[in-house]
Amino acid sequence: MNVNWYPGHMAKAKRLISEDLRLIDIVLEIRDARIPISSANPDFDELFVNKSRIIFLNKSDLANPSHTEDWINWFSKRGIKAVPVNSLDPKAIGRARNIIIGMAETFHKRILKKRGMKKTIRGMVVGIPNVGKSAFINGIAGGKKAKTGNKPGVTRVKQWIRINPYLELLDTPGLLWPRLDQKVTALNLAYTRTIKEEILDIQEIAFNFLEIAKVRFPDELVSRYGDLDMSLKGHEILEEICIKKAWVQAGGIADHSRGASHVLDDFQQGRLGRITLEIPPEI
């Protein structure tokens, strides 16, 4: 599955991010806790190599908490601070806010002592589309300051948002990379609704998802849809689910398109349970 999706606004976004980096003290990278690797733009490692960076594993309320802890340890061993967060949970976003303000305060005091000036610390919030960057900023800022939406590409222009007298955050457009050559990465982004659904075959996505689910989390499937034959292929399991749920067309024919939409939505909304699709390589 080769997915070519790099709209003009993304090319512009990458250029603007590169230009704005000279103004930035801290990079706050938002990833999806369910797919910490697939939701990382590989360009970021090179772009932010000389910047202080924190990775926030967003939507952690939808991910397996044990696996999230594994990822935090995995990043820590590589010298990267990772923090789980649910941007819609006031307590979780409050903890994230304290971490960011604490880091900014350290920078602020260091510059004041070294240069004798009170500098506004600037942070840049980055991530691929639909990982919740704007919701994250709104939570940190304590109000709806940035545009949000449950579809890729909502934020298309840069927005500076003041958090306190010495901290500002820059919201940036979601940025994918020019070509998704790895099938697993492309599928993971599709499962979590990062890639626009209209450019993909939703039934193919659901077939592949069920191939994973029957091995990785069969109990969650059974709990949601009833007894299923896990020896079947993904498309056969989807048909079985459609029949059980009466998602059928005239003549009792399974409505695969409707079933695929329901299954993927159940995963995306956490109705299948707290599921992490990627775990650290050594585990």
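Does Phe-217 count as buried or exposed, and at what relative accessibility? In this predicted model, Phe-217 counts as buried, because its relative accessibility is 5%, which lies under the 20% cut-off. The surroundings of this residue are taken up below, after an outline of the whole chain.

The protein is made up of ten helices and six strands, and buried residues account for 50% of its 283 residues. Of the contacts between residues at least 6 apart in sequence, 69% join residues at least 24 apart. The mean pLDDT of the protein is 87, with 86% of the residues reaching 70 or more. Among the elements, the lowest mean pLDDT, 70, belongs to helix α1 (residues 8–20), whereas α8 has the highest, at 97. Over residues 148–156 the pLDDT stays under 50, and for this stretch the model has 29 contacts beyond four places in sequence.

Helix α7 comprises the 15 residues 202–216, which at 1.5 Å a residue should span 21 Å, and the distance of 21 Å between its end C-alpha atoms agrees with that expectation. At the N-terminal end, α7 is capped by Asp-201, a side-chain oxygen of which lies 3.0 Å from the backbone nitrogen of Gln-203. The buried residues of α7 are Ile-205, Ala-206, Asn-208, Phe-209, Leu-210, Ala-213 and Lys-214, and they pack against four other helices, namely α6 (183–191), α8 (218–225), α9 (234–244) and α10 (256–268).

A search of the whole structure for aromatic pairs finds eight. In one of these, the ring centres of Tyr-191 and Phe-209 are 5.4 Å apart and the ring planes stand at 65°, so the pair is edge-to-face. Tyr-191 and Phe-209 are both buried, and for Phe-209 the relative accessible area is 0%. Phe-209 also pairs with Phe-217, the ring centres being 5.9 Å apart and the planes at 50°, so this second pair is tilted. Together with Phe-267, the residues Tyr-191, Phe-209 and Phe-217 form one aromatic cluster.

Helix α4 (residues 90–115) has 26 residues and reaches 36 Å from its first C-alpha to its last, close to the 38 Å expected at 1.5 Å a residue. The N-terminal end of α4 is capped by Asp-89, with a side-chain oxygen 3.1 Å from the backbone nitrogen of Lys-91, and the helix is followed by Gly-116, whose phi is positive, near 70°. Buried positions in α4 are Ala-92, Ile-93, Ala-96, Ile-100, Ile-101, Ala-104, Phe-107, His-108 and Ile-111. The elements that cover these buried residues include the strands β1 (26–32), β2 (52–58), β4 (121–126), β5 (159–164) and β6 (167–171), as well as helix α5 (133–141).

Two arginine residues are placed over aromatic rings. The charged end of Arg-110 sits over the ring of Phe-107, at 5.1 Å from its centre, and Phe-107 is itself one of the buried residues of α4. Arg-122 lies over the face of Trp-160, with a distance of 5.6 Å from the ring centre.

Several loop residues complete the description. Ile-37, found in the loop between β1 and α2 (43–47), counts as partly exposed because its relative accessibility is 41%. Beyond its neighbours within four places in sequence, Ile-37 is in contact with Trp-71, Trp-74 and Glu-278. Ile-37 and Asn-188 are 151 residues apart in sequence, yet their C-alpha atoms are 9.6 Å apart in space. In the loop between β4 and α5, Asn-130 has a positive phi of about 65° although it is not a glycine, and this residue is buried, with a relative accessible area of 10%. A positive phi, near 60°, is also found for Ala-246, again a residue other than glycine, which is located in the loop between α9 and α10.

Definitions and conventions:
Residues are numbered from 1 along each chain as its sequence is written. This is a predicted model: local features need pLDDT of at least 70, side-chain atom pairs count only at pLDDT 80 or more; totals for chains, interfaces and linings use all residues. Side-chain values use heavy atoms; hydrogens and water are left out. Helices (H or I, at least four residues) and strands (E, at least two) are DSSP runs, numbered from the N terminus. The expected span of a helix is 1.5 Å times one less than its number of residues. Buried means under 20% relative accessible area, exposed over 50%, partly exposed in between (1.4 Å probe, protein chains only). Contact means heavy atoms within 4.5 Å. A polar contact is a pair of N or O atoms within 3.5 Å; within protein, one must be able to donate a hydrogen and the other to accept it, and residues adjacent in sequence count only if both atoms are side-chain atoms. Rings of Phe, Tyr and Trp (its six-membered ring) pair if their centres lie within 6.5 Å; planes under 30 degrees apart count as stacked, over 60 as edge-to-face and the rest as tilted. A charge sits over a ring if NZ of Lys or CZ of Arg is within 6 Å of the ring centre and within 35 degrees of the ring normal. pLDDT is the predictor's confidence in each residue, from 0 to 100.
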